[in-house]
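Dear colleague,

Please find the structure below, handed over for your study. A summary of the findings follows it.

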Amino acid sequence: MDFRSDTVTQPTQAMRDAIANAPVGDDVYGDDPTVNELEAWAATTHGFEAALFTSSGTQANLLGLMSHCGRGDEYLCGQQAHNFRYEAGGAAVLGSIQPQPIMNEPDGTLCFKKLEAAIKPDDFHCAQTKLLSLENTINGKVLPLEYLAQARQFVDKHGLKLHLDGARVYNAAVALGVDIKEIAQHFDTMTVCLSKGLGAPIGSLLLGDTVTINRARRIRKMLGGGMRQVGLLAAAGKLALTEQVAQLSVDHANAQILAQGLAKLNGFHVKPELVQTNIVFAKLDDAVDIDAICADLEKEGILVTPSNPIRFVTHKDVSAEDIALLLERLANKLND
Ligand SMILES: *Cc1c(COP(=O)(O)O)cnc(C)c1O
């Protein structure tokens with residue numbers, strides 16, 4: 001039982017079968033029929049002109065940022081943004097793009113007044129602000145649709161482009177009960193991780209217009225991300241988007257059960273009403289020795305990353321029964 005992340009999900013049997021049987025070709029030549037089919041289908045399904053299959057979400061974000069921003073340009077993002085904090089500074093290192101982070105509001109949004117104040121004037125002392133990058137879901141929180149519409153108005157007013165780190169954008173769509181296009185329509189580029197809750201072994205997508213995706217394809221090659229018979233992965237990726245989306249509502253219901261159970265434990269502080277998708281955070285009293293508890297759990301085959309606040313992620317490979325068992329074990333250890 002692994003609650004560390006939804007990246008740990010195992011490919012389904014259907015994915016393994018699709019991988020075994022996928023027709024493939026050299027994708028760097030544009031010859032892989034399975035990749036071509038996935039990219040064309042994904043573009044249409046998400047309401048974009050074009051799509052690019054990438055090795056990871058990190059790569060898809062970097063390609064998005066580098067496609068919009070050149071050397072000495074700047075992008076606005078959240079202080080908590082994955083592409084600011086957890087992607088090894090790739091935009092700065094590889095793209096020579098200056099990040100301008102803004103504190104996220106408690107609901108994960110970025111305040112337009114603060115963003116506006118951070119846009120650089122047309123002055124040769126300054127980097128040129130080109131892009132706003134949002135993340136949805138962000139730490140499990142769903143950005144409201146009205147906020148996305150306002151973000152579009154904001155970037156249009158200021159002549160910026162709008163990128164979405166949509167690693168878990170399907171969790172947002174499922175939580176809102178809307179078609180993915182309702183979210184995607186506001187963005188110039190959007191990423192989607194196929195290898196998190198959607199269960200594909202490897203791969204993400206970058207979506208955008210044809211010119212931007214052609215630029216991204218060139219940069220992907222430069223980064224060593226041109227892959228050959230990669231239809232093996234694209235075949236599983238297609239099933240992630242066609243057969244695994246429904247599972248996310250189960251994951252969200254399980255996260256809610258987990259949050260309500262954790263809220264009853266001594267020393268754990270959780271607000272279940274704030275849990276919107278598949279990620280649950282709990283603040284711990286200092287008296288809780290979480291390192292020892294997680295080490296004990298690991299011996300019992302239950303993986304949780306010790307931290308405070310502590311994060312649990314639900315996904316297709318942890319069931320409601322698993323969650324009940326986790327809660328029981330935690331309660332026992334806390335009362336020892
Ligand atoms: C996981 C994640 C990524 C990066 O995906 P990898 O495939 O692990 O590189 C990007 N953004 C967010 C919000 C993520 O959760």
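The side of domain 1 that touches domain 2 consists of 5 nonpolar, 8 polar and 2 charged residues (Ala, Val, Leu, Ile, Met, Phe, Trp, Tyr, Cys and Pro count as nonpolar, Asp, Glu, Lys and Arg as charged, and the others, Gly among them, as polar).

This is a predicted model, in which local features need pLDDT of at least 70 and side-chain atom pairs count only at pLDDT 80 or more, while totals for chains, interfaces and linings use all residues. Residues are numbered from 1 along each chain as its sequence is written, and side-chain values use heavy atoms, with hydrogens and water left out.

Domain 1 covers residues 10-243 and domain 2 covers 247-335; these bounds come from an automatic or database domain assignment. Their C-alpha centres are 29 Å apart. To the contact (heavy atoms within 4.5 Å), domain 1 gives 15 residues and domain 2 gives 10 residues. The count of salt bridges between the two domains is 0 (a side-chain nitrogen of Lys or Arg within 4 Å of a carboxyl oxygen of Asp or Glu).

As for the ligand, the residues around it include Thr58, His82 and Asp165, each with a heavy atom within 4 Å of it. One oxygen atom of the ligand lies 2.6 Å from a polar side-chain atom of Thr58. A side-chain N or O atom of Asp165 is 2.6 Å from a ligand nitrogen atom.

Yours sincerely

Definitions and conventions: Polar contact = N/O pair within 3.5 Å; in protein donor to acceptor, adjacent residues only side chain to side chain.
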